[in-house]
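Notebook open. I wanted to look at the ligand site and then at one residue elsewhere on my list.

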Amino acid sequence: MKHTVKTVENMTINKVAVIGAGVMGSAIAAHLANAGCQVLLLDQESADADNPSAFAVSALTRLQKQKPPALMHKRFLKKIRPGNLRDHCQDLGQCDWVIEAIIEDLSAKQALYDRIEPFLSENCWVSSNTSTLPVAKLIEGRSAQFCQNFLITHFFNPPRYMRLVELILPSHAQSEAVHVLSDFITRKLGKTIIPCQDRPGFIANRLGTFWLLTALQQSLAHQMNLEQVDYLLSKPFGIPKTGVFGLMDLVGLDLIPLVGQSLAKLLPTTDAYHQIYQCPPMIQKMIETGYTGRKGKGGFYRLQSIEGQKTKQVIDLQTGKYQNVSRQKPASLAIFKRRQSPQQNLRDFLTGPTADQGFCRDVIYPLLAYAANLVPEVSESPNDIDLAMRLGYGWEYGPFELIDMLGADWLCQQMAGQDISVPPLLQQAAEAGFYRFSAVPERQELRVDAQYHPVRQMDRQIDLSPRSGRKPVQKWPGGSLWDVGDDLACLTLENPHAALDQQSLTAIAASLEIVGQTYRGLIIHQTGPNFSVGANLGAALFMYNLGLTPDIADLIQAGQQMFLQLRHAPFPVIGAASGMALGGGCELLMHMDGIQAHSELYMGLVETGVGLVPAWGGCAALLERWAERQTAGLHPNGPIALSQKPFELIGMAQVSQSAWEAQDMGFLRPQDRISANRDHLIADAKQYALDLLAAGYQPPTDISVSLAGSSGAAALALYLGGLLQQGKITAHDHHIGTALAHILTGTSEDLDRSADHLQPIQLTQIREAEKDAFLQLLDHPATLARIEHMLATSKPLRN
Ligand code: NAD
């Protein structure tokens, strides 16, 4: 084979093959399809002569049922072609990248590389998704060409949602050529790449496995109740609520001995891992009997049908018997409710006298010591280790951030008191911690040379989180305004639980004023996971219960006016949105000139779920969007067709499962833009605003729409009556649906004149109708019951 040098010019990534159609391979294939690639999904040839590609074919069937979905849109499925290694190796020759995701077994992986190498083109990347095996072992004895094109790209489960990819290169790799692949993974697959040393388990699994196995061993030693362990080792330390045992159920108990043994084989005997590595007989027995976690009959937890009720149970590791979960949090966690600083609460918790607190000490101190000992073996950067745990395991802060929260000097003293040998790097951090800010401000990290170094900056990331150390131009209780360069400003909404209220409106109003005087455009963003879950229902209910209905009417009026002011501002306003954008959050976005959406955007007008209708201009804005689609030939013409789609979307409180779906639903306009990488959202939104300015931005003018009037209302009434008769909706659903039908057909009682399709109606009138319907519905006991239920349980009530 000719040995060519990879260059940016001779590399593109359009066709990708994934080999191994199991849990990871099929989901990686789906995510490549999400990014627009043509994907070939291969597995072993099946014994079924009529269907030799049965493994890959059934993986595609499973993909369509997967929850949460691996595909961002069902139309992406046809980008994946199933096949098998007997018949389709030839097709590998057209691929730009081949990803191996077969069983975690070195000899099986090496045998597969033997088999595929003759078919690969000289510019094709080959990467393994191995969780533990070093790259040097995987390519032992292979040709120079193969080695030059080989690397490890370690995706996390589920690959669509977990943002980390660990990248491990052979020692002689050409890093400038890898840049093309890294760029593709970052921009198109939306991942954050962390370069790792070629060490077993790389970063996240090396530390993550140590954490899980330490917790398992200490749970046995302390005879802990596993449900209590998951409470203790989650929220207090910023770890997702699956904790330890919930997480092992999620990834599969059968992975514990596989990954555990692989690390035990590869790590030197001096590594502290060997002191905690074990797979207790009880777990072996669970795996053998099919209790492999969520994918099996159950795991540490299981769902059991008791007297017709699905009941969650947890296993007792001493007896092997299951018992119902108590849902009682350990009393020792009450410490975190005190109004002390987070540092004081954590310190007091970890030094407390109870058995639970002793257990936590025995897990957390060894974990933090192990993390400090991993520098520079797995990475010279503590920040990369923190980032890997945040993005790969969903931790809110990584081990070094946790150490800084506790105070490194304090932790050194505690460890010494517990006879834990204090790692040298931790001792160095005792003076000033792992992180500090220079005057610039620039975030710096402590490394093993005892010097502080700037942390690695990500391309296209404009970090406005508290971690960045940046200072806003202005700060209000509802948000902060930042200068993001190019004469553009960004407002970050900062209300608790991402709910919109009077304070959010005040922050928007103040931002509009400042931007009008000093900047050329505004971006509105939320640094937390969700753009906004909607208006603050708790505050609305509180006002209602105090008899302050006029104040609620004022709040709706103020919201409508504010959103219109934003819409007609003389400069472009772009929403940079990710996660949930529900109810009022969706309405806010629909009043902007453009939306730069993260591909994970869950957008919808969900007010009917709490017995209401959108009243901050949401009905009018959605009608406008569907009228535009009609003009562009994207939706059938006619007034009934115009009302019908918004009626379905609002009436059924439909929420997009991705930005691509939001585009289909009309929440995003065709010209709105999608970013695969959440970290690029603000930079991409800036570009959107700059493009609008370059095109000579003019604020939009209010349009009027032709609505169906009474004939449309009669058609929707007939439809609603049918659903009620068939028992598909409740009487209150019918009541809300009727109010919505009147708004969307222009037949609400208080309108100056009822719409008819010959005389277009101003959207201002629709907004008035929304407000009136909202206030009438709020007075209904069934609506109040829905709101109270939602606030108490976070689930809708179908009354
Ligand atoms: P899996 O058991 O779900 O799937 C493996 C697939 O590979 C199966 O479809 C099997 O038929 C196929 N296969 C097995 N041997 C083969 C061979 N010799 N040739 C061709 N196909 C073969 O496994 P998985 O969980 O998807 O793991 C795949 C890889 O990804 C492993 O290296 C694993 O360590 C790694 N990984 C797994 C996870 C996870 O959470 N499951 C996370 C990150 C990385």
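Started at the ligand: one of its oxygen atoms sits 2.9 Å from a polar backbone atom of Val23. I'm working from a predicted model here.

Went through the side chains next. Lys109 puts a polar side-chain atom 2.8 Å from an oxygen atom of the ligand. For Gln44, I get 3.4 Å between an N or O atom of the side chain and a ligand oxygen atom.

Then I checked the cover. The ligand taken alone exposes 830 Å², and the protein buries 80% of that. Which elements give two or more residues to the shell? I found helix 1 (23–34) and strand 6 (150–155).

Looked up the shell itself. I count 20 residues around the ligand, and the closest are Met24, Asp43, Glu104, Lys109 and Ser131. By type, the shell splits into 9 nonpolar, 8 polar and 3 charged residues.

Moved on to Gln596, which I located in strand 22 (residues 594–604). Is Gln596 buried or exposed? Its relative accessibility is 3%, so I put Gln596 down as buried, the cut-off being under 20%.

What does the side chain of Gln596 make a polar contact with? I found the side chain of Ser675, at 2.8 Å.

Last, I listed the contacts of Gln596, leaving aside neighbours within four places in sequence. Among them are Ile574, Gly575, Ala576 and Ala577. Arg673, Ile674 and Ser675 are also in contact with Gln596, as are Leu681, Asp684, Ala685 and Tyr688.

Technical notes. Residues numbered from 1 in each chain as written. Predicted model: local features only at pLDDT ≥ 70, side-chain atom pairs only at ≥ 80, totals over all residues. Heavy atoms only, no water. Helix = DSSP H or I, 4+ residues; strand = E, 2+ residues; numbered from the N terminus. Buried < 20%, exposed > 50% of the residue type's maximum accessible area, 1.4 Å probe, protein only. Polar contact = N/O pair within 3.5 Å; in protein donor to acceptor, adjacent residues only side chain to side chain. Contact = heavy atoms within 4.5 Å. Near = heavy atom within 4 Å. Areas by Shrake-Rupley, 256 points an atom, 1.4 Å probe, with all protein chains shown as cover. Nonpolar A, V, L, I, M, F, W, Y, C, P; charged D, E, K, R; others polar.
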